[in-house]
Amino acid sequence: MEVLEENDEEEQREEELMKALEISDEPHNIETKLSVDQVFVPSDVSDFDWSSIDISQLPSSYKTNSPREKKLLRIADHYLQQYTHLCPDRKPLFLYPVNECGIKKFVSTTVRPTLLPYTELYHWDGCASFVCDYLTMEPLKSPLIPPSLLYSPTTILKYQRGNCFDFSVLLCSMLIGAGYDAYCVNGYATHDICSLDETLEVCPLLRKPQEVPKEIMKKSNKYRVKSSPDMQSKFELQQEAKKKAETEATHKNEERGEEKVTEVEKPTHDPLYGLRVHAWVLVLSGKREVPEPFFINPFTGNSHSTMDEHFLGIESVWNHKNYWVNMQDCRNGCKDLIFDLGDTVRWEIMLSETDKPLQVLLDAEEENELFDRNMDDTEEEEEDTSFAMPPSWVAPIQISPRGTEVVEVREWFKNREDMLDMRELNKQTQLTTEYFSPGHLLGLKVHIYKSMEPETERVMEFYNEARVDGLQKRAENASEIKEYFVGRDDFKYFQHTEFGKRGKKISVAGARTDINSRPIVQMKECFHRNLEKPADEDVAERVFLITEEMIHLTYHLKDKYITASKKDFFKPTENYRKQSEIMTPEMCITYQAGSSVKDKKLLHLYKLLQELAEEEKQLKQQVRQSEAEVLNILKIRENEEADIKLTVSIYNTERNEKRKQQYEATKNAMEDEFPVHEEQDLDYLAPFLIQIGHPEKMTKGQVLRLRDDCLTDFKNRLIAKANIIQARFEKEVEELKKKNQQFQENQSQLSREEEAVFLADYSETMFCIHIVALRLNREKQTAPQKYLALEEKLRKDPRLAVHLSHA
């Protein structure tokens, strides 16, 4: 009955698993439309709350354990107890972390072998590239211990993010499905590998492709037509050879400079070296024509030799069938490890099995014989009712065709003169967004565009603090320009200009804007409230209707009013201007909120109209200046991208050519002005000769006293220096004792992270004590030698030698 119940449960689970967790065709968390009026600058690392994910639609296999899974957990718990008893000094094994539903799942059952229907994902490099490009890397919460959570590959694909263990499980599932003998690895790696720090790696775009030599087959033929004589100039060949030699010499110098830079850029000492936990994938030989085992770093998708020095040790490996613990010594990293998982001395297996990893390439007949034997052995095992690994609880892994397409490309930059920090390219909308640090030539902050052609749709944001006009953002297309301002004295915060159509389109960036410019149809300005003026005299909106020859004014609302005062001015025609300049009532329509009386005289309105006409001229000029500034920015950006320049610190003498040239010029000028004299030895007697007045001749008593005073002073200085170093040494030792005492008192209350920080601080203090002790010992050993050397120097001094030679 129990067997029937288990079979029914497994059939039910299989039906639920067939309802795959499909990834939506629409990409998650991707903006497909970017508003022209609003620009959002994302942070470099966005925080994601895993506790808020939706688990209501997940199958029951995610939320419960089958009887076989429960039995497997009991076996794993018993295995862990034995391991802890036999190896008490090693860290606990990574066996059954919690999944996204809070249920303990054995790590082997989280691997779901899947062959995806894409030719790009049939080879290991395609699978690795997809995983590292499609997912966003999240660091481990603690660098010293494996995670307590391990989510299913379907959830990781859905939210497109995860840590190194999530990356490895997904990649291993895809590789096993593609026919590779792949395993997840729990081990230790360097800081660069764990944190995806590739600053010391060569840029992939700069790597030179391997040149494949082409062999030219020459066939002798005595009947062939003789080739014409070589008419090429030998002198020209010699000149080309000289140029080639000069070019090669230049390349060699550049390579030497790169070697110097590499020496300078060596990684700093990591206090947690050898303790940082990392997960990656191991691919063994024997399947898919893999000649030898190799590692795959899931963060980069790159393959590494099993002897790579960046991988420092292995605790355990697992696949969908079993779990192995490494029993070999990892003092030399992974260089000396033997990856024969069938060797029970080097690898402790958890479940006894007959499917041992293939370590050699087999012929087809041998594979068939081995398959027949394995089938017979499997039948015998079933008769013996031995335990086998339960099927994976994870739903089938599915990736929609749109999931394999590039949706967005992001590039990060540093040390550029144009202050460009990041560039985003949305492949769906073809929108390019560039982010700049403060310090750009024109105060540019953000630039969003589809094309670098002028008068196309674009948004520019500026650092308004660096601009006189307070411009914060400018949005432009072929028919309008919108500008936003901050902190202006005239309280203007928005300006909108509309353009009409013209016959001929401008085509050259940087051309004059007064030639065939876009005709201005309307200009609108909006102002904040100025509390120093009455509301019905403080303009809120000003609209210049150019084609209609009108000016529309709207004032701010007065308190307790729902309508605002307004004025509409009609500019006089050209014929009327010639006849008279008198203001008529028909030229201005006024609405005064709260009053029907026209309290403004025509003279006042006439002066206001003249002021507005002058404002209109100035505003047109500002619009043309804005157009010219846009063209100038586009021209500058094109030049910056055509010739990218890097900023180098003035203290970086190896790379800063300008600083090096300035230094050489200053040095040459100083040498010309002040000729270099031959260096003279330091005169130790000078301070003491001053005390006795620099006599031309000295008595024997003066000479002996002068020598003794000089030696005594030098001895006191050596003792003082040694005492300073001794005090520093005692202070560091006392500090170490205090830290050790605090750690022992609070050890039970410290978390893993706090303990790691203490160990790092402790090792740094020990290093300082070691350096101070070396300096102290060196000072004690060299002090007598320095004293004797000075005594010998004084004995040979010509000023003292006459009297000291008889002493």
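Start at Val 281: its bridge partner in β5 is Ile 296. That pair belongs to the link between β4 and β5, which run antiparallel and share three bridges. Keep in mind that you're looking at a predicted model, so read every contact below as a feature of that prediction.

From β4, step across to β3. Strand β4 covers residues 277-284, and eight bridges tie it to β3, again antiparallel.

Now zoom out to the whole sheet. Seven strands make up an open sheet, and reading across it you get β6-β5-β4-β3-β7-β8-β9, with antiparallel pairing. At the edges are β6 (303-305) and β9 (347-349), each of which pairs on one side only. From one strand to the next, the twist averages 35°. As a reminder of what holds such an arrangement together, strands of a sheet pair through backbone hydrogen bonds, either parallel or antiparallel.

Next, have a look at helix α4, residues 124-134. Its buried residues are Gly 126, Cys 127, Ala 128, Phe 130, Val 131, Cys 132 and Tyr 134. What covers them? The list includes β1 (136-137), α5 (153-159), α6 (164-177) and β5 (294-296). That brings back β5, the strand that holds Ile 296.

The axes of α4 and α6 lie 10 Å apart, and the two helices pack at an angle of about 150°. They are therefore roughly antiparallel to each other, since an angle over 145 degrees counts as such. The crossing of α4 past α6 is right-handed. On the α4 side, the residues that meet α6 are Trp 124, Cys 127, Ala 128, Phe 130, Val 131 and Cys 132; their counterparts in α6 are Phe 167, Leu 170, Leu 171, Met 174 and Leu 175. Sorted by class, this contact has 11 nonpolar residues, with no polar and no charged ones.

Strand β16 (residues 480-485) pairs with β17 in the antiparallel sense over five bridges, and Ile 481 stands opposite Thr 497 in β17. These two strands form a hairpin with six residues between them, and Gly 487 in the turn has a positive phi of about 70°. Strand β17 also pairs with β18 (residues 520-527), antiparallel over seven bridges; there, Phe 499 stands opposite Ile 520.

Finally, the protein as a whole. It has 16 helices and 22 strands, and buried residues make up 37% of its 807 residues. Among contacts with a separation of 6 or more, 61% come from residues 24 or more positions apart.

Conventions. Residues numbered from 1 in each chain as written. Predicted model: local features only at pLDDT ≥ 70, side-chain atom pairs only at ≥ 80, totals over all residues. Heavy atoms only, no water. Pairing = 2+ DSSP bridges. Helix = DSSP H or I, 4+ residues; strand = E, 2+ residues; numbered from the N terminus. Buried < 20%, exposed > 50% of the residue type's maximum accessible area, 1.4 Å probe, protein only. Contact = heavy atoms within 4.5 Å. Axes fitted to C-alpha atoms, helices over the stretch in contact; angles between N-to-C directions. Parallel < 35°, antiparallel > 145°, perpendicular 65-115°, else oblique. Left-handed = near helix turned anticlockwise from the far one by under 90°. Nonpolar A, V, L, I, M, F, W, Y, C, P; charged D, E, K, R; others polar.
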